[in-house]
Amino acid sequence: MRWLTLYARSRQVPASLAAVVISTVTVWALARDGSGVPGDPRLPALVLAAGAIAVSTGLSGQDLALDRTAAIRWAPRRAVHVLLADAVVAVVLLAVQATGKDLATAAFVVRDSAGLMGLAAVGAAVCGGQYAWTLPFAWLSFSFVAPPPTSVPTQVVSWILLPPDTAAGTWTALVLTIAGTTAYAVAGPRR
């Protein structure tokens, strides 16, 4: 059990969890004033992206050389780390919205948190842990200004904001989740 505590501390899990909870509660409190449009996906997408960005800081350790020379198998631990971070981001939003105003459906939350964590995992594998946040942030930013999702390519670009029953949005999130988790589990964070 001691190794799990040390692993969590080396990956900044307590600080990341605090950031996820604080950002979620803050946005939920701001949404309670009733000024938002019901069913607007931008606010829950922003909350989920903030959560993915917060936990992405833990996708690399303090010393990559030490991680690479460890006598343990890292691939399963890395995959579990990404999947657990995804679950935590989704559960925090679902738990907070269970106490009051619903921001999004459970299907929307699960799909978007999985896709955004997949993007963060790709970011860690390609850019390194310190820059893992850039891909979820960039995709969310672009989806806010993308043209209306009338064709499949524009639906792929704006998958974060699409309803959960949209096939292009679901498939895009699934591909990002699988590709990101696999790339991060196999390659680890870039130096």
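Figure 1. The unreviewed UniProt entry lists residues 12-31, 43-59, 79-96, 108-133 and 168-187 under "transmembrane region". The model shown here is predicted. In this model, residues 79-96 are 100% helix and 0% strand, and the end C-alpha atoms of that stretch are 26 Å apart. Residues 43-59 are 82% helix and 0% strand, with 25 Å between the end C-alpha atoms.

**Figure 2. Overall fold of the protein chain.** The chain contains nine helices and zero strands. Read from the N terminus, the order of elements is α-α-α-α-α-α-α-α-α. Of the 191 residues, 43% are buried. Among contacts with a separation of 6 or more, 75% join residues 24 or more positions apart.

**Figure 3. Packing of helix 2 against helix 3.** Helix 2 covers residues 13-31 and helix 3 covers residues 42-56. Their axes come within 8 Å and cross at roughly 165°. An angle over 145 degrees counts as roughly antiparallel, and helix 2 and helix 3 are therefore roughly antiparallel to each other. The crossing of these two helices is right-handed. Helix 2 contributes Ser16, Ala19, Val20, Ser23, Thr24, Val27 and Ala31 to the contact, while helix 3 contributes Leu43, Val47, Ala50, Gly51, Ala54 and Val55. By class, the residues of this contact are nine nonpolar, four polar and no charged.

**Figure 4. Packing of helix 2 against helix 5.** Helix 5 spans residues 74-97. The axes of helix 2 and helix 5 come within 10 Å and cross at roughly 35°, and the crossing is right-handed. On the helix 2 side the contact consists of Leu17, Val20, Val21, Thr24, Val25 and Trp28. These meet Val88, Val89, Val92, Leu93, Val96 and Gln97 in helix 5. The contact of helix 2 with helix 5 comprises 10 nonpolar residues, two polar and no charged. Val20 and Thr24 of helix 2 take part here and also in the contact with helix 3.

**Figure 5. Packing of helix 5 against helix 9.** Helix 9 is formed by residues 167-187. Helix 5 and helix 9 pack at an angle of about 145°, with axes 7 Å apart. Their crossing is right-handed. Ala75, Arg78, Ala79, Val82 and Leu83 of helix 5 make the contact with Thr181, Tyr184, Ala185, Val186 and Ala187 of helix 9. The residues of this contact divide into eight nonpolar, one polar and one charged.

Figure 6. Met117 lies in helix 6, which runs over residues 106-127. Residues under 20% relative accessible area are classed as buried; Met117, at 1% relative accessibility, therefore counts as buried. Neighbours within four places in sequence aside, Met117 is in contact with Ala52, Val55, Val82, Ala85 and Asp86. Of these, Val55 also belongs to the contact of helix 3 with helix 2, and Val82 to the contact of helix 5 with helix 9. Leu176 is 59 residues from Met117 in sequence, yet the C-alpha atoms of Met117 and Leu176 are 8.3 Å apart.

Definitions and conventions: Residues are numbered from 1 along each chain as its sequence is written. This is a predicted model: local features need pLDDT of at least 70, side-chain atom pairs count only at pLDDT 80 or more; totals for chains, interfaces and linings use all residues. Side-chain values use heavy atoms; hydrogens and water are left out. Axes are lines fitted to C-alpha atoms, for helices over the stretch in contact, and angles run from 0 to 180 degrees between N-to-C directions. Helices (H or I, at least four residues) and strands (E, at least two) are DSSP runs, numbered from the N terminus. Angles under 35 degrees count as roughly parallel, over 145 as roughly antiparallel, 65 to 115 as roughly perpendicular and the rest as oblique. A crossing is left-handed if the near helix is turned anticlockwise from the far one by less than a right angle, and right-handed if clockwise. Contact means heavy atoms within 4.5 Å. Ala, Val, Leu, Ile, Met, Phe, Trp, Tyr, Cys and Pro count as nonpolar, Asp, Glu, Lys and Arg as charged, and the others, Gly among them, as polar. UniProt positions are given in the numbering used here, feature names are shortened, and annotations may be inferred rather than shown by experiment. Buried means under 20% relative accessible area, exposed over 50%, partly exposed in between (1.4 Å probe, protein chains only).
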